[in-house]
Amino acid sequence: MSKIVNVIRMKCPRCHQGNLFIKRNPYSLKDGLKMPDNCPVCGQDFKIEPGFYIGALWTSFPIVIFLMTLLSVLLLVFVKMQLEWFFVAITIILFSLQPIIIRLGRAIWINIFVDYEENAENK
Ligand SMILES: [Zn+2]
């Protein structure tokens, strides 16, 4: 299975089975971004080092840029939204997508450093 599919499924990069996040719902206010210390299936360390996910800013930022570009084309070119409303809309949309963007950024980030291992759950 490719890394991209694994990122979208939010699974452990090593065994592709354990969940990266404790709750499946990113909008769970309290634990939406909580991750287990280790993969529940293969034991892969999810923390790796202190402050590991600060680096995930570098993977969530491009997602924001991509979404802003997409929304700009959609709202300004196709919907022909007025500029004032466009800024309101884009702020609300990006703000409400924030938990998903942060999760995706972290999932991409850990997938950069940890590779898939066959039968990792048996080691
Ligand atoms: Zn795992």
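At 7% relative accessibility, F52 counts as buried, and that makes a handy way into this predicted model. F52 pairs edge-to-face with F113, at 5.5 Å centre to centre and 70 degrees between the planes. One partner sits in the loop between α1 and α2 and the other in helix α3, so this pair ties together parts that are 61 residues apart in sequence.

The structure holds five aromatic pairs. Another one of them joins W109 and F113, again edge-to-face, with 5.0 Å between centres and 70 degrees between planes. These two residues are four apart in helix α3, so about one helical turn separates them. W109 is buried, with a relative accessible area of 15%.

**The cores**

The largest nonpolar core has 18 residues, and L20, F46, Y53 and I110 have the most contacts inside it. Helix α3, running over residues 83–113, supplies the largest share of this core, three residues. Leaving out residues up to four places away in sequence, Y53 touches M35, F46, R106, W109 and I110. There is a second, separate core too: it has 10 residues, L67, A89, I90 and I101 among them.

I101 turns up again next to a serine. S60 sits in helix α2 and is buried, with a relative accessible area of 12%. Not counting residues up to four places away in sequence, S60 touches I101 and G105.

Here are the accessibility values for some of the residues in this report:

| Residue | Relative accessible area | Class |
|---|---|---|
| C15 | 3% | buried |
| F52 | 7% | buried |
| C42 | 11% | buried |
| S60 | 12% | buried |
| W109 | 15% | buried |

**The zinc site**

The SG atoms of C12, C15, C39 and C42 coordinate the zinc ion, at 2.2 to 2.4 Å. In sequence, the donor residues follow the spacing C-x2-C-x23-C-x2-C. C15 and C42 link distant parts of the chain: each sits in the loop between α1 (3–9) and α2 (57–78), with 27 residues from one to the other.

As for geometry, the four donor atoms subtend angles of 107 to 112 degrees around the zinc ion, which makes the arrangement tetrahedral. The criterion here is that all angles lie between 85 and 135 degrees. C15 is buried, with a relative accessible area of 3%, and C42 counts as buried at 11%.

**The annotated segments**

Now for what the record says. The unreviewed UniProt entry annotates residues 56–79 and 85–102 as "transmembrane region". How does the model look over those stretches? Residues 56–79 come out as 92% helix and 0% strand, and the end C-alpha atoms lie 33 Å apart. For residues 85–102 the chain is 100% helix and 0% strand, with the end C-alpha atoms 25 Å apart.

Notes
Residues are numbered from 1 along each chain as its sequence is written. This is a predicted model: local features need pLDDT of at least 70, side-chain atom pairs count only at pLDDT 80 or more; totals for chains, interfaces and linings use all residues. Side-chain values use heavy atoms; hydrogens and water are left out. A nonpolar core is a set of buried Ala, Val, Leu, Ile, Met, Phe, Trp, Tyr and Cys residues joined through side-chain atoms within 4.5 Å. Buried means under 20% relative accessible area, exposed over 50%, partly exposed in between (1.4 Å probe, protein chains only). Contact means heavy atoms within 4.5 Å. UniProt positions are given in the numbering used here, feature names are shortened, and annotations may be inferred rather than shown by experiment. Donors are N, O and S atoms within 2.8 Å of the metal (3.2 Å for Na, K and Ca); water is not among the atoms, so sites may look incomplete. Four donors count as tetrahedral if all angles lie between 85 and 135 degrees; four count as square planar and six as octahedral if opposite donors are over 155 degrees apart and all others between 65 and 115; anything else is irregular. Rings of Phe, Tyr and Trp (its six-membered ring) pair if their centres lie within 6.5 Å; planes under 30 degrees apart count as stacked, over 60 as edge-to-face and the rest as tilted.
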